[in-house]
Amino acid sequence: MRYAGKSSGCLGCGRCVRTRTIRLDLRNLNVQGDVRRVDCADGDHFVAVKLNDEIIDVDDSYCDRLDDEWRAVQTDRDKVLFYALSQIVYPEIDTPRPEKLESLYAPVDVLDVVLLRWQAGKAIGFYTVKPTGTEIFSTKERYVMPVVDTAYIRSEYRNQGFGTGILSDVTARFPNEDIGFSKPVSSGMLRILKAFLTSRKEYRLRFWEVADCDISGSQQLIWCTLKRAAL
């Protein structure tokens, strides 16, 4: 950790402030170069992430393509944005609520598929998938279907159809496979799943809730779960 000099300004504080930087370990994402978290030392909050000499601001994460779409993470810059959203913005700003079955996200594995949602040039959310055949270290079992492991949309973009967009995108990427969702599925995602499955009957026998600790024994049809819970 080190303290830097004056910054040009902090939107949270509305003035020039001191910043501090903390080196990050993003080896699980195969990020090359020096990656540091930048915090406001006076206001004690997150400001940005620095990749080598580039400041990456998640609130102004411009990309060279302005398509509004889900896109697989490929570049180091995309990986840093994903890290910032999943390990900083989500836990610290959109704090998960246990009563809604929301929880912190573990770092992704090297083979996980990571998708960022781009909207008007800004990364506003993500979801991750464990591909078929992924091995669970603790049990040595392997996933028998692609499993949506994490999903997140920034709070200011919720209730605008992006959650449903996750389901549309993942079914398009894995068109001929059953789709799993890591247990427990949050209350918010269950509501999205109910709306999706109500109108898309062809997926009612293809969406499963799956627990890491017992892949073969835990699989439950989400449609049946929804019917029992009467959500």
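Is Asp-109 buried, partly exposed or exposed, and at what relative accessibility? In this predicted model, Asp-109 has a relative accessibility of 40% and therefore counts as partly exposed. The side chain of Asp-109 meets that of Lys-130 in a salt bridge, with an N to O distance of 2.8 Å. The two residues lie 21 residues apart, and the pair links distant parts of the chain. Lys-130 belongs to strand E8 (residues 122–130), whereas Asp-109 sits in the loop between helix H1 (76–92) and strand E7 (113–119). Lys-130 is buried because its relative accessibility, 6%, falls under the 20% limit.

The structure holds 17 salt bridges. Among them is the pair formed by Asp-34 and Arg-36, whose side chains meet at 2.8 Å, N to O. Asp-34 is partly exposed, with a relative accessible area of 26%, while Arg-36 counts as buried at 14% relative accessibility. Both residues also belong to a network of salt bridges that includes Arg-23. A further salt bridge joins Arg-154 to Glu-156, and here the closest N and O atoms are 3.7 Å apart. Arg-154 has a relative accessible area of 5% and is therefore buried. Glu-156, at 41% relative accessibility, counts as partly exposed.

Helix packing was examined for H2 (residues 162–173) and H3 (residues 187–199). The axes of these helices come within 10 Å and cross at roughly 60°, and H2 passes H3 in a right-handed crossing. On the H2 side, the contact is made by Gly-163, Thr-164, Ile-166, Leu-167 and Ser-168. These residues meet Met-189, Ile-192, Leu-193 and Phe-196 of H3. By class, the contact of H2 with H3 comprises 6 nonpolar and 3 polar residues, with no charged residues.

Helix H2 also contains Thr-171. With a relative accessibility of 7%, Thr-171 counts as buried, because the limit for that class is 20%. A polar atom of the Thr-171 side chain lies 3.0 Å from the backbone oxygen of Ser-168. Ser-168 is also one of the H2 residues in the contact with H3. When neighbours within four places in sequence are left aside, Thr-171 is in contact with Tyr-203 and Phe-207.

Conventions. Residues are numbered from 1 along each chain as its sequence is written. This is a predicted model: local features need pLDDT of at least 70, side-chain atom pairs count only at pLDDT 80 or more; totals for chains, interfaces and linings use all residues. Side-chain values use heavy atoms; hydrogens and water are left out. Axes are lines fitted to C-alpha atoms, for helices over the stretch in contact, and angles run from 0 to 180 degrees between N-to-C directions. Helices (H or I, at least four residues) and strands (E, at least two) are DSSP runs, numbered from the N terminus. A crossing is left-handed if the near helix is turned anticlockwise from the far one by less than a right angle, and right-handed if clockwise. Contact means heavy atoms within 4.5 Å. Ala, Val, Leu, Ile, Met, Phe, Trp, Tyr, Cys and Pro count as nonpolar, Asp, Glu, Lys and Arg as charged, and the others, Gly among them, as polar. Buried means under 20% relative accessible area, exposed over 50%, partly exposed in between (1.4 Å probe, protein chains only). A polar contact is a pair of N or O atoms within 3.5 Å; within protein, one must be able to donate a hydrogen and the other to accept it, and residues adjacent in sequence count only if both atoms are side-chain atoms. A salt bridge is a side-chain nitrogen of Lys or Arg within 4 Å of a carboxyl oxygen of Asp or Glu.
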